[in-house]
Amino acid sequence: QDMNEWSYLYLAGRLHKPTLPVGPQDDQIVTSQVTQNLPAALAVSMLLLARKDQQQQQQQQQATMPALYEQIARLSYSGDPRVDLGGEDPDKIDKLVNAPGQFERFHEMFGEPLEDLSKSGVLSYDDKELQWNPQESSSIAALRSKLPPRFQQIPTNLLTAELRQTVRTAAKQQMFKGVLTAGVSRSARYILAKLYKGILAKGRRP
């Protein structure tokens, strides 16, 4: 359900980023779900990047490939209380995309969805950047058609809020389950350790 509908953006969010295989390579159900999940992540990230620059009313939107992959990686973190409270490494997104070998892994993952949109005339791209026209209604319609059904009904200016709420709700549920499983004292120690780690990471930033 999460893979197809982004109900929680938990498993789906993890699989927006390079991971080890989650099942047999010949598992048609897993392959089909991943195949739908990646184009959706690419499409919503392009819509959000264009939204950020909407005031400029650009006929041609440009984004570097690292910026695109950082936006994709950010989808399942925005709204997470652990991130908002400083319990995660503030450089986590940068490391996910720009650590040695990671950019190439993202590029391999999203090569097919990018090529499909390129062939349909929605975008053009190379190894460094991509371009598309955010004012072209047919391009926007093509991107929105890639989204999970409930997100297709949400105006672009509300997509960020809906994604954050989805992630926040799922993260709170995971935190609550963790407390029930590990107990209050162990969970408190874990949370404090995460906060301390996040503070240390911030202190090391230039």
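What you're looking at is a predicted model, where local features need pLDDT of at least 70, side-chain atom pairs count only at pLDDT 80 or more, and totals for chains, interfaces and linings use all residues. Residues are numbered from 1 along each chain as its sequence is written, and side-chain values use heavy atoms, with hydrogens and water left out.

**The overall picture**

- The protein has 12 helices and 3 strands; these are DSSP runs numbered from the N terminus, with helices being H or I of at least four residues and strands being E of at least two.
- Of the 206 residues in the protein, 37% are buried (under 20% relative accessible area with a 1.4 Å probe, protein chains only; exposed is over 50%, and partly exposed is in between).
- Take the contacts (heavy atoms within 4.5 Å) between residues at least 6 apart in sequence: 69% of them join residues at least 24 apart.

**The core**

- The largest nonpolar core holds 43 residues; a core here is a set of buried Ala, Val, Leu, Ile, Met, Phe, Trp, Tyr and Cys residues joined through side-chain atoms within 4.5 Å.
- Its residues with the most contacts inside it are Trp6, Met46, Leu68, Tyr69, Phe110, Leu114 and Leu130.
- At least two residues of this core come from each of helix 3 (28-52), helix 4 (65-74), helix 6 (92-98), helix 7 (102-109), helix 8 (111-119), strand 3 and helix 11.
- Helix 3 gives the most to this core, with 11 residues.
- As background, nonpolar side chains in soluble globular proteins tend to be buried together.

- Ser45 sits in helix 3 and is buried, with a relative accessible area of 0%.
- Leaving out residues up to four places away in sequence, Ser45 touches Leu68, Gln71, Ile72 and Leu75.
- With neighbours within four places set aside too, Leu68 is in contact with Leu42, Ser45, Met46, Leu49, Leu114 and Leu130.
- Helix 4 is mostly covered, with 7 of its 10 residues buried: Met65, Leu68, Tyr69, Glu70, Gln71, Ile72 and Ala73.
- At the start of helix 4, Thr64 has a side-chain oxygen that comes to within 3.1 Å of the backbone nitrogen of Ala67.

**The loop around Asp126**

- Asp126 lies in the loop between strand 2 (123-125) and strand 3 (129-132), and at 40% relative accessibility Asp126 counts as partly exposed.
- A polar atom of the Asp126 side chain lies 2.8 Å from the backbone nitrogen of Lys128.
- For the backbone nitrogen of Glu129, the distance to a polar atom of the Asp126 side chain is 2.9 Å.
- Not counting residues up to four places away in sequence, Asp126 touches Met65 and His107.
- Asp126 and Leu114 are 12 residues apart along the chain, and their C-alpha atoms are separated by 9.8 Å.

- Tyr8, Tyr10 and Leu11 make a nonpolar surface patch of about 280 Å².
- Patches are made of residues with over 30% relative accessible area and no salt bridge, joining like charges within 9 Å and nonpolar side chains (Val, Leu, Ile, Met, Phe, Trp, Tyr) within 5 Å.
- Tyr8 is in the loop between helix 1 (2-5) and helix 2 (11-14), and is partly exposed at 38% relative accessibility.
- Tyr10 lies in the loop between helix 1 and helix 2, and is partly exposed with a relative accessible area of 39%.
- Tyr10 and Ala171 are 161 residues apart in sequence, yet 8.2 Å apart in space, C-alpha to C-alpha.

**The salt bridge**

- The count comes to 1 salt bridge, meaning a side-chain nitrogen of Lys or Arg within 4 Å of a carboxyl oxygen of Asp or Glu.
- The side chains of Glu162 and Arg150 form this bridge, at 2.8 Å from N to O.
- Glu162 lies in helix 11 (residues 156-182) and Arg150 in helix 10 (residues 149-152), so the pair ties together parts 12 residues apart in sequence.
- Glu162 is partly exposed at 27% relative accessibility, and Arg150 is partly exposed at 33%.

Note on methods: Areas by Shrake-Rupley, 256 points an atom, 1.4 Å probe, with all protein chains shown as cover. Polar contact = N/O pair within 3.5 Å; in protein donor to acceptor, adjacent residues only side chain to side chain.
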